[in-house]
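Here is a walk through a two-chain model. Keep the structure in view as you read.

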Amino acid sequence: MADLNIFHYWPQETFLHRMDPRIKLVCLLILSITGGLADTAPALTILTMMVIALLYVAKLPFTKIMAEIRIFLLFILCIMLIHALRVPGEPLPLWAGGRFFTREGMFSGLFYGWRIILLLLLSAILTATTTLSALREGIQSILRPVPFVPEEKIATMFSLVLSFIPLLLDRAVEIAEAQKARCVQKRKNPVKRLSCLVYPFLSQAFLYAEEVVTAMEARCYTGRRTVSGFYLTTSGLLCLALTILISLVICIVL
Amino acid sequence: MTTILQIEELTHTFANGVTAVKAVNLQLGKGEFVVLAGPNGSGKTVLIKHFNGLLQPTKGRVLLAGEPITKNLLLARQKIGLIFQDADSQIVGQTVTEDVAFGPENLCLPREEIRERVDRALQAVGLSELGHVRPHTLSGGQKRRLAVAGILAMAPQIIVFDEPFTGLDYPGVIQVLKQIVDLHKKGHTILVVTHDLEKVLAHADRLLIMNEGRIVRDGKPEAIIDEVERFGIKKPYGKGRRVETMTWLT
């Protein structure tokens with residue numbers, strides 16, 4: 001399970017890997033907002049094509065990333081279902097659940113699911129093409145001008161979260177298996193079953209966090225760290241301009 | 001032998017009233033190889049966490065090269081490298097290289113020097129080929145060696161290993177033990193906290209036994225080895241077995 005993590009750096013020699021992390025972060029922000037505003041199929045299709053092109057340029061394993069997105073499938077389905085239920089409009093035929101679902105609700109749910117998948121893929125592209133230290137420094141550099149924001153702490157927390165997702169998943173699987181070995185499936189109440197999993201998971205996660213903090217302090221962590229200077233390149237700026245242009249086309253024209 | 005680390009009357013009482021370490025006095029000489037043994041809950045880990053100020057003593061003090069470590073905690077943490085029992089919790093990078101660079105980055109060293117230190121440290125532990133690998137996918141022995149590299153990159157004088165052999169298979173133990181012995185040969189002062197005297201004692205100049213928060217024995221391994229079972233530590237198997245044979249390195 002430690003190997004299963006779409007938000008992980010994939011070392012490659014590509015233009016995207018070399019790009020200034022600040023540009024990548026700003027592009028991700030712009031494209032995420034664009035994805036949120038896009039509410040037509042052509043707009044989302046253009047965005048999807050762009051994401052596929054980025055995956056290709058970054059030489060990332062498309063099928064593996066898509067396979068790992070399945071972890072989020074339940075979450076995405078829940079969001080789609082909630083939308084399909086709460087948006088009013090023309091009812092669907094009875095055989096398609098017309099008593100509960102509307103045509104508009106179904107499309108709204110589909111679009112939401114589509115947007116979430118795009119957002120996940122964009123985030124995966126960012127983390128796959130940027131090392132954690134570059135990402136941390138990029139976030140730090142972007143947040144530095146913002147007053148009253150502890151940019152070093154935020155950047156470190158962000159990089160630690162990404163680093164520990166696979167380990168926490170590992171621990172959750174271990175706990176679930178240990179409980180299966182003690183016949184937890186015999187309990188019919190799903191809330192009780194969930195609480196059996198959540199309580200040990202959280203207590204282990206907090207203990208683990210404490211150990212990590214101690215280990216970081218032992219390695220002189222104070223918040224202040226070496227900072228590499230970033231230089232804006234023409235290709236990076238062109239990429240940013242292209243992202244803005246595509247976003248404007250999607251938001252205004254489509 | 002020059003004293004490098006000195007512990008004076010160190011006592012640590014936790015907020016719940018439990019005293020884990022009681023008036024410990026200890027000196028570590030430059031270049032020594034010391035094994036600290038004791039049963040679970042005897043206060044070994046609590047004691048070593050005071051060496052670089054991760055815990056503050058309730059009473060007493062810790063001196064590094066004659067100066068209280070509280071004067072410059074960062075220097076103490078740089079000079080005294082602690083390698084904990086759970087290697088996973090020490091990994092903070094997404095790749096092996098990034099993880100080793102964590103310490104030097106915290107020292108705010110220039111990028112070029114960080115790169116050199118990381119290369120040297122990875123070479124020293126034999127992980128140069130795995131620089132781009134995700135640390136969490138390494139084997140147990142490799143993770144311990146990565147933890148050693150992370151400490152080596154900070155150029156410490158003293159390296160403290162807390163239960164370095166726990167959970168490792170035979171090849172893993174050999175890898176880590178070789179590493180420890182090599183580091184000692186290169187001039188580092190080594191303190192190994194362990195129950196497994198059989199694996200490492202032959203390399204030690206000195207054996208410390210800790211029990212109920214106190215150091216109850218301190219001396220040459222051959223002078224103390226016959227008493228260890230009184231304090232809940234397994235004496236390596238074999239009647240009349242000599243200390244020189246207590247190693248897994250052949």
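Helices here are DSSP runs of at least four residues, strands are runs of at least two, and both are numbered from the N terminus. By that count, chain A has 10 helices and zero strands. Its pattern along the sequence is α-α-α-α-α-α-α-α-α-α. The model is predicted, and confidence needs a look before anything else.

Chain A averages a pLDDT of 85. In this chain, 96% of the residues score at least 70. Helix α2(A) has the highest confidence, at 93. Helix α5 (residues 73-86) of chain A has the lowest, at a mean of 83.

Now take the overall build of chain A. Its C-alpha atoms fill a box of roughly 60 × 55 × 40 Å along the principal axes. The chain has 254 residues, and 26% of them are buried. Next, consider the contacts between residues at least 6 apart in sequence. Of these contacts in chain A, 74% join residues at least 24 apart.

How are α2(A) and α10(A) oriented to each other? Helix α2 spans residues 21-37 of chain A, and helix α10 spans residues 234-253. They pack at an angle of about 5 degrees, with their axes 10 Å apart. Angles under 35 degrees count as roughly parallel, and α2(A) and α10(A) are therefore roughly parallel to each other. On the α2(A) side, the contact is made by A:Ile23, A:Val26, A:Cys27, A:Ile30, A:Leu31, A:Thr34 and A:Leu37. On the α10(A) side, the contact residues include A:Gly236, A:Cys239, A:Leu240, A:Thr243 and A:Ile244. Also on that side are A:Ser247, A:Ile250 and A:Cys251. An α-helix has 3.6 residues a turn, so residues three or four places apart point the same way.

Stay with A:Thr243 for a moment. This residue sits in helix α10 of chain A. Is A:Thr243 buried or exposed? A residue is buried if 20 or more other C-beta atoms lie within 10 Å of its own. A:Thr243 has 20 other C-beta atoms within 10 Å, so A:Thr243 is buried. Leaving aside residues up to four places away in sequence, A:Thr243 touches A:Cys27, A:Ile30 and A:Leu31. A:Tyr56 is 187 residues from A:Thr243 in sequence. In space, the two are 17 Å apart, C-alpha to C-alpha.

Turn to where the chains meet. The contact takes 29 residues from chain A and 32 residues from chain B. Which elements of chain A give two or more residues to the side that touches chain B? They are α7 (132-143), α8 (151-180) and α9 (190-218). Helix α9(A) gives the most, with eight residues. The chain A side divides into 15 nonpolar, eight polar and six charged residues.

Helix α9 of chain A also holds A:Thr214. A:Thr214 counts as partly exposed because it has 17 C-beta neighbours inside 10 Å. A:Thr214 and A:Pro190 are 24 residues apart along the chain, and their C-alpha atoms are separated by 36 Å.

Cross over to chain B and find helix α6, residues 170-185. This helix has 16 residues and reaches 23 Å from its first C-alpha to its last. That is close to the 22 Å expected at 1.5 Å a residue. Its buried residues are B:Val173, B:Gln175, B:Val176, B:Leu177, B:Gln179, B:Ile180 and B:Leu183. What covers them includes α5 (140-152), β7 (158-162), β8 (189-193) and α7 (197-200) of chain B. B:Gly187 follows α6(B), with a positive phi near 105 degrees.

B:Ala65 has a phi near 50 degrees. This alanine lies in the loop between β4 (59-64) and β5 (67-68) of chain B. B:Ala65 is partly exposed, with 15 other C-beta atoms within 10 Å. B:Ala155 has a phi near 50 degrees. Its place is in the loop between α5 and β7 of chain B. B:Ala155 is partly exposed, with 15 other C-beta atoms within 10 Å. Both α5 and β7 are among the elements that cover the buried residues of α6(B).

Notes: Residues numbered from 1 in each chain as written. Chains lettered and ligands numbered in written order. Predicted model: local features only at pLDDT ≥ 70, side-chain atom pairs only at ≥ 80, totals over all residues. Expected span 1.5 Å × (residues − 1). Buried ≥ 20, exposed ≤ 12 C-beta atoms within 10 Å, placed from the backbone. Contact = placed C-beta atoms within 7 Å. Axes fitted to C-alpha atoms, helices over the stretch in contact; angles between N-to-C directions. Parallel < 35°, antiparallel > 145°, perpendicular 65-115°, else oblique. Nonpolar A, V, L, I, M, F, W, Y, C, P; charged D, E, K, R; others polar. pLDDT = per-residue confidence, 0-100.
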